[in-house]
Amino acid sequence: LEILVTILNENDNSPVFKQPSLTRTVPEDTKLYTTIVAREELSATDADLDTIYYELTTTVQGTDGYFAIKGVNNPEIYLQKALDYDKFNLTTLLLYARDRPVSSHDPTNMATATITIAMEQSDTRAPWFLPCTFLHTDTSVCISSPYSGRVNVSELSTDPLPLQPGPIYAIDPDSTIRDRIVYSIVGGNRDNVFSVDTDTGNLTMNKIVTSPDPFLLQVMATQASNVRKYSVASVEIKVLNKSLYPPYFEKGIYNGTVFIGLARRSFVCQAGDPSTPLMITAADDDFPDV
């Protein structure tokens, strides 16, 4: 009597990852769809020879959607959304391997691999002139206001020119790089009247100004190690006649009268003359005809 015995394979083994924990460092400017972890490093094995089904999740809030796997049976991890170092620079992914589909109601064995992704900041931003204001909620764009200053006709100043809203100053906004900034004047410097210190950004005069026409300088801030990263700011320099005298009030004391019950923004009248508004006047001997 010949008896044929068929042994049925019981699903009694869990998938096994070759590397249940691994770390990758990813540059911030990595191109979309670049492979981050290869399939060979992530594929799990199953002693029951079952088909393995994969699922990828993240444990860090705000980092969903940046990384994905190629398919339910292909655990290769790739980049599917552009990275931004200021939004996050570290995340942890969990890769699940199951020997049944996620939707299956059959008993399922599972293994988990932990993948830590550390982001390396890239030189992606041009210098910012300070002070500046962020564009709405986007911290990657900071808008600066033009600088302004003044010089006197026929007078040479040997000190750095005071400017508003502050001295010329720029930084590399890539915080982990902080490249050195180099300054230069690239426009508006007629007759080479002004110079800018390449290291400090201080603006000084080379010669006197004989014309009342204002200057509109263009000052460029360039990263020392990457000349393609630069920004340009406007600096308006007004040319004025020198003021020799301070302004002064024409009277030492002004007397006025107000009445109870007057509405807001009502005129204050001169004391003793309720029909004439009180006027406080000043003069300047630099402008005798005004």
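Residues are numbered from 1 along each chain as its sequence is written, and side-chain values use heavy atoms, with hydrogens and water left out. Because the model is predicted, local features need pLDDT of at least 70 and side-chain atom pairs count only at pLDDT 80 or more, whereas totals for chains, interfaces and linings use all residues.

Biologist: In what order do the 4 strands of the open sheet run?

Modeller: Strands here are DSSP runs of E with at least two residues, numbered from the N terminus, and two of them pair if DSSP finds at least two bridges between them. The edge strands, each pairing on one side only, are E13 (147–152) and E15 (181–187). With mixed pairing, the order is E13-E19-E18-E15.

Biologist: Which residue in E18 is the bridge partner of Ile-181?

Modeller: Strand E18 covers residues 215–223 and pairs with E15 in the antiparallel sense over 6 bridges. The bridge partner of Ile-181 in E18 is Gln-223.

Biologist: Why is the disulfide of Cys-132 and Cys-142 right-handed?

Modeller: The sulfur atoms of Cys-132 and Cys-142 lie 2.0 Å apart, and a disulfide is a pair of cysteine sulfur atoms within 2.5 Å. The disulfide is right-handed because the torsion about the S-S bond is about 95 degrees.

Biologist: Is Cys-142 buried or exposed?

Modeller: Buried means under 20% relative accessible area, exposed over 50%, and partly exposed in between, with a 1.4 Å probe and protein chains only. Cys-132, at 22%, is partly exposed. Cys-142, with a relative accessibility of 12%, is buried.
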